[in-house]
Amino acid sequence: IIGITVSKAENFPQWYQEVVLKAEMIEYYTEISGFFIMRPATMYIWNTIRKWFQERIEAMGVDETSFPMFLSQKSLEKEKDHVEGFAPELAWVTKAGDKDLDVPVAVRPTSEAVMYPYYSKWIRSHRDLPFRLNQWNSVVRWEAKQTTPFLRAREFLWQEGHTAHLTEKQAGEEVLQILELYAGIYEQLLAVPVVRGRKTEAEKFAGGYYTTTVEGYIPSNGRGIQGATSHCLGQNFSKMFDITVEDPNEKGKHIHVWQNSWGLSTRVIGVMVMIHGDDKGLVLPPRIAKIQSILIPVGLTAKMSAEDKEKHLKHLDEIYQTLKKAGVRAEVDLRDGYTPAWKFNDWELKGVPLRIEFGPKDAAKDVVSYARRDTGEKGTIPIAELTTKVPEMLETIQQDMYNRAEAAYREHRLKITKWEEVVPALDAKNVVIIPHCLVPECEEKIKELTAGRSDDAAENVPEGQKAPSMGMKSLCIPFEQPEGLVKGETKCLNPECGRLAEQWCMFGRSY
Ligand SMILES: O=C1CCCN[C@@H]1CCCn1cnc2ccccc2c1=O
């Protein structure tokens, strides 16, 4: 069996790459770098997320749409001021066949510029509000940085919601409603805890008014990771694209609508793999596992008569049927020519949450033997109790996986009030929450001050090999603010800043 050849603790990047490849989630698209093939194991998870989210936004009155994947120079021009930062990531089509296009078109990196000229056309009266569309699609951003499966790819799947409202208040309510759904995808489906908060001015979507975010944490390297964002765009885009309605209270007067845009991508799958995986491979939370329980016959030795073997497998099939009826996504592995041990490794690599073994010894006692993938715990379950015990155990696994990840995040999210404690905390794989002035220049300074010098003198590291550790960025201003910050008195923690602190702000090394 070709399992994972490195340990998660020893070589995290290599471990991650092996897991997504050997668990058959991803294939590298070697024709063009930065692109990945998403295989059935991945698409099952993505489709589970999509069904969960789609059902809930439909209940909110969001309709589905599908816009073209190309945008014109002209409409890009309308949002040029904030697009310039993104310009290097735009992929352009300049030819069709052997003919140059008179006007090159860009592949969408996001769809504001594609959609909003039509919002302008369709949204005329306040009765058209709230106007809400979402599309499930892929976008292209020609990343210059090193790509990683799920976390940073040049094309990824996401949903992008784009809504218009009459007032800032109505827009603001929806921003948070969607953010809670994003948190729900992480916490209820992926068993991944997230911190909810607002991005600082330096880290928000520049074209927007404010950005709310769910922030994850990767224990293996102590980095923060942006999980999904729900932006209030204010009236910025309705002014750029002339999206107005007649003022219901004042004839002849026009109001620029208040807009939101919100997106969650296949990045969420990478976060789940990184947090829950172990040295045997993927560990899937039961709620998003295509196979929740794999049934494997054991103890079928050669000296067993064909008749006894058949009887045993028939009994196993009854167990399988019982589990299916109980709503468990179960499969039976009857592959010939593979030992039980080989099968155990294979299904552990693929992250199946619960293994059920059934041999003659089990049959004699009317039990099955089980092994939990997350903890390795083994035991037996009376066959008569499978219908209740197996669904219960799957829910327990889901909850335990969340609780362990939540504890790891909580224990590595340190409230710090002494600057000299910051870098040691980062080096110990923590993210920090510090009193901060929220001024962009100060964040830049903090990034410099916390970037580790490449201390080549460090033990047994060849000259110039030790990469300088990156500085910390702001991750979010947590909605849940700790105690102890006295407005007008508490100083920003950056010793070179000197300003007063506005709020507690979470910082960390990040993706
Ligand atoms: O996040 C979201 C959620 C979904 C809808 N769009 C917003 C904002 C996207 C911000 N963004 C991100 N990368 C880009 C890359 C190239 C051009 C433009 C952009 C760009 O506007």
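Hi everyone, thanks for coming. Before anything else, please keep in mind that we are looking at a predicted model.

Let's begin with the ligand. Which residues come nearest to it? There are 15 residues around the ligand, and F86, T110, E112, R141 and H231 come nearest. Three of those names come back when we turn to polar atoms. T110 places a polar side-chain atom 2.8 Å from a nitrogen atom of the ligand. For R141, an N or O atom of the side chain is 3.4 Å from a ligand nitrogen. With H231 the ligand atom is an oxygen, and an N or O atom of the H231 side chain is 3.0 Å away from that oxygen. How much of the ligand does the protein cover? On its own the ligand has 470 Å² of accessible area, and the protein covers 94% of that.

If you like to think in residue classes, the shell around the ligand divides into 6 polar, 5 nonpolar and 4 charged residues. Where in the fold do shell residues come from?

Is β11 mostly buried or exposed? Of its 12 residues, 10 are buried, so the rest of the structure largely encloses this strand. As for its neighbours, β11 pairs with β10 in the antiparallel sense, over 9 bridges. Within that pairing, Y210 stands opposite C232 of β11. The hairpin of β10 and β11 has 4 residues between the strands, and G222 there takes a positive phi near 70 degrees. β11 also pairs with β14, again antiparallel, over 5 bridges. Here G234 has Q259 in β14 as its bridge partner.

Now to the salt bridges. How many does the structure hold? The count is 33, and I'd like to show you a few of them. One joins K199 and E215, whose closest N and O atoms are 2.8 Å apart. This pair links distant parts of the chain, 16 residues apart: K199 sits in the loop between β9 (195-198) and β10 (210-218), while E215 belongs to strand β10 itself. Both K199 and E215 are buried.

The next pair is E348 with R355, where the closest N and O atoms are 3.0 Å apart. Why do we call E348 buried? Its relative accessible area is 14%, and buried means under 20%. R355 is buried as well, because its relative accessible area is 8%.

For another setting, look at K389 and E385, which meet in a salt bridge at 3.1 Å, N to O. K389 has 35% relative accessibility and so counts as partly exposed. E385 is partly exposed too, with a relative accessible area of 32%.

Note on methods. Residues are numbered from 1 along each chain as its sequence is written. This is a predicted model: local features need pLDDT of at least 70, side-chain atom pairs count only at pLDDT 80 or more; totals for chains, interfaces and linings use all residues. Side-chain values use heavy atoms; hydrogens and water are left out. A residue is near a molecule or strand if one of its heavy atoms lies within 4 Å of it. A polar contact is a pair of N or O atoms within 3.5 Å; within protein, one must be able to donate a hydrogen and the other to accept it, and residues adjacent in sequence count only if both atoms are side-chain atoms. Accessible areas come from the Shrake-Rupley method with a 1.4 Å probe; for residues, only the protein chains shown count as cover. Ala, Val, Leu, Ile, Met, Phe, Trp, Tyr, Cys and Pro count as nonpolar, Asp, Glu, Lys and Arg as charged, and the others, Gly among them, as polar. A salt bridge is a side-chain nitrogen of Lys or Arg within 4 Å of a carboxyl oxygen of Asp or Glu. Helices (H or I, at least four residues) and strands (E, at least two) are DSSP runs, numbered from the N terminus. Buried means under 20% relative accessible area, exposed over 50%, partly exposed in between (1.4 Å probe, protein chains only). Two strands pair if DSSP finds at least two bridges between them.
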